[in-house]
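Here is a short report on one protein chain. Keep the structure in view as you read.

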Amino acid sequence: MSRPVTLFTGQWADIPAEELFPKVKAMGFDGVELACWGDHFDVQAALNDPAYIPARWELLKKHGLACYAISNHLVGQAICDPIDERHKSILPGHVWGDGDAEGVRQRAAQELIDTAKAARKFFDAGKDYMSSHPAGSGKTVVNGFTGSSIWGALYAFPPTSQEYIQKGFDDFGKRFKPILDAFEKEDVYFALEVHPTEIAFDIASAARAIEAVGGHKRFGFNYDPSHLGYQGVDYVKFIYQFSERIHHAHMKDVWWGHGDGTVGVFGGHTNFCDARRYWDFRSVGRGDINFEEVIVALNDTRYNGPLSIEWEDGRMDRFHGATESCAFIKGLDFPRNTVAFDAAFDKSNQ
């Protein structure tokens, strides 16, 4: 059986869940990956309002939608970042508080721990309903970001030593080990979306992040090829190298090498969709990611979780784009073979 195809609701948070969910079903999706912003999934309501979680599942059931993961990228970003006014615009008011940088980081860490607790309650409550849907990976997953205290040192000038960089990984480890221990208590996995501005943004930094948390069993990845491809990172190799830690997968496309030579891989401080740009996100199937190779690698490594479309394409209507992206992935995904293709040559099998 092919994997369920879901829609990550993060880019649709301007549409209330009551209005969005029927549209998601009409676009052909099997389910949703719920973002913890807008009104799609409220962490504190899930923990404190006894009626909230049953109502979420009732809304999903009403529209025949499954759910395999929730995502709290925005809060995660503030855990290791240097904090500035941009964070205020993406964080819940109770996490921002008075804006004191260290206080924001600590409150963000607690909110991510609360997200694991809310996820545990949410998915436990939905077990009966989800039993009629594909099992997925069988893991309870919270996707997110980590932020990074050393992203600003991406380019090594003024000269940046490995000791300086290691302090950033040590800071990540110090802040995230207690979070991961809390995830362990809830039997929940944290899946970092490897991404520029995070502690891990390519294969080398992902390996170093694992080391920084002592190989913690609850730390893994939300695989997304789009953030790797335009950097020149082998996004298929990533699957094979970290197969045991890929807890969730985003299907997101990007193209690169399509600008006019004015703007490089760092973006030139231009806006998305500026025609001069070297790279831009594209609707799934319209960029340069080879999803055939991605699907084969996910099959080879026995990834059973959902294929969650994170739709971003500033040049295209999002309903048109998400609909065609869903159809594209469903047409490309295929079940793994269960018999050797040449077994029939053996007379004992005839």
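In β4, Val142 is the bridge partner of Ile70. The model shown is a predicted one. Strands β3 and β4 run parallel, and 3 bridges join them.

**The strands**

Strand β3 covers residues 66-71. How many of its residues are buried? The count is 6 of 6, so β3 is mostly covered, given that buried means under 20% relative accessible area. Strand β3 also pairs with β2 (residues 31-35). That pairing is parallel too, and runs over 5 bridges. Within it, Glu33 stands opposite Ala69 of β3.

| Pairing | Sense | Bridges | A facing pair |
|---|---|---|---|
| β3 and β4 | parallel | 3 bridges | Ile70 and Val142 |

**A buried histidine**

Next comes His73, a residue of helix α4 (residues 73-80). Is His73 buried or exposed? His73 has a relative accessible area of 3%, so His73 is buried. Its side chain makes a polar contact with the side chain of Glu193, at 2.7 Å. Beyond residues up to four places away in sequence, His73 touches Phe8, Glu33, Trp37, Asn143, Gly144, Phe145, Glu193 and Asn222.

**Helix α10**

Helix α10 spans residues 203-212. Its buried residues are Ile203, Ser205, Ala206, Ala209, Ile210 and Ala212. What do these buried residues pack against? They pack against α9, β6 (219-223) and α12 (235-241).

Both ends of α10 have a detail to look for. At the start, a side-chain oxygen of Asp202 comes to within 3.4 Å of the backbone nitrogen of Ala204. Just after the helix, Gly214 takes a positive phi of about 65 degrees.

**A nonpolar patch on the surface**

Now turn to the outside. Which residues form a nonpolar patch on the surface? They are Leu154, Tyr155, Phe157, Val265 and Phe266. Together they have about 620 Å² of accessible area.

Phe157 sits in the loop between β4 (141-144) and α9 (162-186). Why does Phe157 count as exposed? Its relative accessibility is 65%, and exposed means over 50%, so Phe157 qualifies. His73, in contrast, is buried at 3%.

Note on methods:
Residues are numbered from 1 along each chain as its sequence is written. This is a predicted model: local features need pLDDT of at least 70, side-chain atom pairs count only at pLDDT 80 or more; totals for chains, interfaces and linings use all residues. Side-chain values use heavy atoms; hydrogens and water are left out. Patches are made of residues with over 30% relative accessible area and no salt bridge: like charges are joined within 9 Å, nonpolar side chains (Val, Leu, Ile, Met, Phe, Trp, Tyr) within 5 Å. Accessible areas come from the Shrake-Rupley method with a 1.4 Å probe; for residues, only the protein chains shown count as cover. A salt bridge is a side-chain nitrogen of Lys or Arg within 4 Å of a carboxyl oxygen of Asp or Glu. Helices (H or I, at least four residues) and strands (E, at least two) are DSSP runs, numbered from the N terminus. Buried means under 20% relative accessible area, exposed over 50%, partly exposed in between (1.4 Å probe, protein chains only). Contact means heavy atoms within 4.5 Å. A polar contact is a pair of N or O atoms within 3.5 Å; within protein, one must be able to donate a hydrogen and the other to accept it, and residues adjacent in sequence count only if both atoms are side-chain atoms. Two strands pair if DSSP finds at least two bridges between them.
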